[in-house]
Amino acid sequence: MAATTYIVKQFGIVSVGKFFAVFGLVWGFFMGIILAAGMGGMGSVFGAPALGIGAGLLGLVFMVIIGGVIGFIGGVIVAIVYNIVLGAMGGIEMDLEAKA
């Protein structure tokens with residue numbers, strides 16, 4: 001099969017931001033689990049396990065939200081910089097082939 005050449009001129013800023021936000025949410029979830037385990041352990045060490053568990057769960061929610069927001073902002077910045085660079089270079093050529 002013959003490959004067709006396409007040129008990527010720019011990326012949608014919001015689309016890239018949403019894509020990065022999903023990765024930020026996943027990262028925030030895993031980091032939040034680690035934070036929750038640490039906070040729960042510290043609560044037990046200091047004799048207040050309920051306070052540690054509550055703080056850990058709050059930290060988990062906080063990390064997921066912050067991960068998504070930071071991921072979105074990072075994706076928007078990456079897309080803006082990428083579009084500026086592509087504007088100066090003229091785009092990226094990609095050879096695509098139709099699936100049989």
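Q: Why is Tyr82 called partly exposed, rather than buried or exposed?
A: This is a predicted model, and in it Tyr82 has a relative accessible area of 27%. Buried means under 20% and exposed means over 50%, so Tyr82 falls in between and counts as partly exposed.

Q: What makes the pair of Phe11 and Tyr82 stacked?
A: Their ring centres lie 4.8 Å apart, and rings pair if the centres are within 6.5 Å. The planes of Phe11 and Tyr82 meet at 20°, and planes under 30 degrees apart count as stacked, so that's the label this pair gets. A search of the whole structure turns up 4 aromatic pairs, and this is one of them.

Q: How do you know that this pair links distant parts of the chain?
A: Look at where the two residues sit: Phe11 is in the loop between strand E1 (4-8) and helix H1 (13-45), while Tyr82 belongs to helix H2 (residues 49-89). They are 71 residues apart.

Q: What about Phe11, why does that one count as partly exposed?
A: Phe11 has 35% relative accessibility.

Q: Why is the pair of Phe19 and Phe23 called edge-to-face?
A: The ring centres of Phe19 and Phe23 are 5.1 Å apart and the planes are at 75°. Planes over 60 degrees apart count as edge-to-face, so this pair takes that name. Both residues lie in helix H1, 4 residues apart, or about one turn of the helix. Together with Phe20, Phe19 and Phe23 form one aromatic cluster.

Q: Why do Phe19 and Phe23 count as exposed?
A: Phe19 has a relative accessible area of 51%, and Phe23 comes in at 52%. Exposed means over 50%, so both values pass the cut-off.

Q: How do you know that the length of H1 agrees with what its residues should span?
A: H1 has 33 residues, which at 1.5 Å a residue should span 48 Å. The end C-alpha atoms are 46 Å apart, which agrees. Just after H1, Gly47 takes a positive phi of about 85°.

Q: Which residues of H1 are buried, and what covers them?
A: The buried residues of H1 include Val16, Gly17, Ala21, Ala36 and Gly40. What covers the buried residues of H1 includes H2.

Q: What makes H1 roughly antiparallel to H2?
A: H1 and H2 pack at an angle of about 155°, with their axes 5 Å apart. That makes the two helices roughly antiparallel, because angles over 145 degrees count that way. H1 passes H2 in a right-handed crossing.

Q: Why is Gly56 called buried?
A: Gly56, in helix H2, has a relative accessible area of 0%. Buried means under 20%, so Gly56 qualifies. Leaving out residues up to four places away in sequence, Gly56 touches Ala36 and Met39. Gly56 and Gly40 are 16 residues apart in sequence, with their C-alpha atoms 5.8 Å apart in space.

Q: And why does Asn83 count as buried?
A: Asn83 is in helix H2, and its relative accessibility is 17%. The cut-off for buried is under 20%, so Asn83 counts as buried. With residues up to four places away in sequence not counted, Asn83 touches Gln10, Phe11 and Ile13.

Definitions and conventions: Residues numbered from 1 in each chain as written. Predicted model: local features only at pLDDT ≥ 70, side-chain atom pairs only at ≥ 80, totals over all residues. Heavy atoms only, no water. Phe/Tyr/Trp six-rings, centres within 6.5 Å; stacked < 30°, edge-to-face > 60°. Buried < 20%, exposed > 50% of the residue type's maximum accessible area, 1.4 Å probe, protein only. Expected span 1.5 Å × (residues − 1). Contact = heavy atoms within 4.5 Å. Axes fitted to C-alpha atoms, helices over the stretch in contact; angles between N-to-C directions. Parallel < 35°, antiparallel > 145°, perpendicular 65-115°, else oblique. Left-handed = near helix turned anticlockwise from the far one by under 90°.
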